[in-house]
Amino acid sequence: MPRSLHDLTYDQLREVLVSAGLRPAHTGTLWNTLHFRAMADPLAREDLAPPLRKWLTQVLTDGNWMLDVPPISLDTPSSDGLTHKYLLRMADAQEIETVIMGYTGRHTACISTQAGCAMGCVFCATGQMGFVRHLRPGEIVAQVLHAQRCVRAKGEKGLRNLVFMGMGEPLHNYDSVMTALDIICDTRGLNIGPSKISVSTVGVVPGILRMAAENRPYNLAVSLHAATEEERAKLIPANQRWPLTDLMAACRSYNAQTGRRIFFAWTLIDGVNDTPEHAKRIAELLHGLDAHINLIPLNRTDGYSGEESTSTAADAFHRILQDAGFPCTIRQRRGIDVAAGCGQLKALKNRRKAAA
Ligand code: SAH
Ligand code: SF4
């Protein structure tokens with residue numbers, strides 16, 4: 001398999017070009033073509049300097065290097081046309097999903113970090129399919145570039161918001177995700193502001209501690225869903241590996257080290273974790289933390305029989321947390337009719353593979 005030019009940070013790209021005998025100045029041109037202009041075919045740029053064009057043509061044809069420009073296998077718009085779920089085909093034919101949500105005046109892209117997921121959360125379609133493989137940095141960047149092209153095709157200046165809440169557990173693929181983020185935030189390229197990016201984790205404790213130690217400037221979202229070890233372990237098998245007690249200690253240390261707020265996600269499941277007692281337990285658990293709580297009504301998946309909370313239960317839950325002093329929001333549901341909502345992402349091909 002050739003290496004991908006989209007896997008490289010600016011400095012890595014410069015090293016590759018220089019060791020091929022090209023001038024370092026060509027790095028800026030190629031970077032601008034790939035990441036600022038987001039061109040799917042860099043050779044289509046007419047003003048490439050002849051030595052750069054010659055090298056690029058050669059390495060792309062001799063199979064030493066490739067580009068991550070995944071073809072779209074499927075584009076499913078939601079009935080209101082505001083959300084699109086794209087099935088993108090990777091070079092090894094693996095398919096992954098990227099979702100673009102349009103709000104008034106801005107778009108948010110929901111990015112996948114793995115094909116499948118090893119964490120096995122019972123209510124999540126990606127968890128239900130199991131782990132297939134990690135995505136490379138270039139495959140993560142490629143989803144953002146795809147979203148950038150879509151947003152620009154609508155006549156908008158560019159994509160501004162990203163959530164790493166698609167298929168997979170970002171902190172289980174830490175190095176590739178952080179390299180992809182370095183590329184995505186590079187001001188000479190896609191230039192997406194770190195404060196506009198959220199990384200969501202099921203609670204991979206070493207990853208949270210590493211983000212704090214490395215002072216990664218992204219928003220951290222932690223999927224909580226239960227406030228006792230026993231209840232959490234039933235929903236999230238990964239709680240056995242990283243128990244709630246350790247997770248909370250990591251969150252407190254993240255808060256203290258970075259001064260950054262943590263966004264906790266709580267999927268509301270009827271009769272399972274949506275009673276007033278549950279809300280009070282969250283308030284105790286998160287006491288003293290700089291925390292925002294996002295309540296997500298459960299989206300239905302094939303492999304889980306639980307149902308979403310009633311709006312009365314959700315509203316009461318919301319009120320208790322607000323009264324306890326926590327900023328708290330109920331997440332707007334998007335793309336449910338095309339299974340592009342939280343936890344509904346699962347490529348059809350993968351489903352067949354998992355069933356085989
Ligand atoms: N692996 C990461 C990020 C991807 S999941 C994580 O778990 O945080 C993104 C969010 O969707 C998480 O908060 C997850 O708990 C939530 N989610 C998963 N399945 C869901 C479902 N069926 N309904 C609603 N939210 C779900
Ligand atoms: Fe993986 Fe997140 Fe789904 Fe859990 S909720 S299985 S961690 S993608």
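Is Asn191 buried, partly exposed or exposed? Asn191 counts as partly exposed, at 42% relative accessibility; on this scale buried means under 20% relative accessible area, exposed means over 50%, and partly exposed lies in between, with a 1.4 Å probe and protein chains only.

## Basis of the model

This is a predicted model, in which local features need pLDDT of at least 70 and side-chain atom pairs count only at pLDDT 80 or more, while totals for chains, interfaces and linings use all residues. Residues are numbered from 1 along each chain as its sequence is written, chains are lettered from A and ligands numbered from 1 in the order in which they are written, and side-chain values use heavy atoms, with hydrogens and water left out.

## Domains

The protein chain is assigned domain 1 (3-66) and domain 2 (72-355), with bounds that come from an automatic or database domain assignment. Taken over C-alpha atoms, the centres of domain 1 and domain 2 are separated by 33 Å. To the contact between them, domain 1 contributes 15 residues and domain 2 contributes 15 residues, where contact means heavy atoms within 4.5 Å.

Asp68 belongs to the loop between β2 (65-66) and β3 (72-77). Helices (H or I, at least four residues) and strands (E, at least two) are DSSP runs, numbered from the N terminus. Asp68 counts as buried at 6% relative accessibility. The side chains of Asp68 and Ser4 are joined by a polar contact of 2.6 Å. A polar contact is a pair of N or O atoms within 3.5 Å; within protein, one must be able to donate a hydrogen and the other to accept it, and residues adjacent in sequence count only if both atoms are side-chain atoms. Not counting residues up to four places away in sequence, Asp68 touches Ser4, His6, Asp7, Arg136, Gly138, Glu139 and Ala142.

## Nonpolar cores

The largest nonpolar core has 97 residues, of which Trp55, Leu162, Ile184, Phe264 and Leu286 touch the most other members. Such a core is a set of buried Ala, Val, Leu, Ile, Met, Phe, Trp, Tyr and Cys residues joined through side-chain atoms within 4.5 Å. Helix α6 (residues 174-185) gives the most to this core, namely 8 residues. Domain 1 (3-66) and domain 2 (72-355) each supply at least three residues to this core. A second, separate core of 9 residues has Val99, Cys110, Ala340 and Leu345 among its members. In soluble globular proteins, nonpolar side chains tend to be buried together.

Beyond residues up to four places away in sequence, Ile184 touches Val141, Val144, Leu162, Phe164, Leu190, Asn191, Ile192 and Ile197. One of these, Asn191, is found in the loop between α6 and β10 (197-201). Asn191 has a positive phi of about 55° although it is not a glycine.

## Buried positions in a strand and a loop

Val163 is part of strand β9 (residues 161-164) and counts as buried at 15% relative accessibility. Val163 and Val199 lie 36 residues apart in sequence, yet their C-alpha atoms are 6.2 Å apart in space. With neighbours within four places in sequence left aside, the contacts of Val163 are Met101, Thr108, Ala109, Cys110, Ile111 and Ser198.

Leu135 occupies the loop between β8 (131-134) and α5 (137-153); its relative accessible area of 1% makes Leu135 buried. Not counting residues up to four places away in sequence, Leu135 touches Ile96, Ser112, Thr113, Gln114, Ala115, Ile140, Gln143, Asn173 and Ser176.

## Surroundings of ligand 1

Ligand 1 is surrounded by 22 residues, the closest being Phe123, Ser200, Ser223, His225 and Asn299; a residue is included if one of its heavy atoms lies within 4 Å. An oxygen atom of ligand 1 lies 2.6 Å from a polar side-chain atom of Ser223. An N or O atom in the side chain of His225 is 2.6 Å from an oxygen atom of ligand 1, and an N or O atom in the side chain of Thr267 is 3.4 Å from a nitrogen atom of ligand 1. Of the 530 Å² of accessible area that ligand 1 has on its own, the protein covers 95%; accessible areas come from the Shrake-Rupley method with a 1.4 Å probe, and for residues only the protein chains shown count as cover.

His225 is placed in the loop between β11 (219-223) and α8 (229-235). His225 is buried, with a relative accessible area of 4%, and has a positive phi of about 65° although it is not a glycine. Most residues other than glycine have a negative phi.
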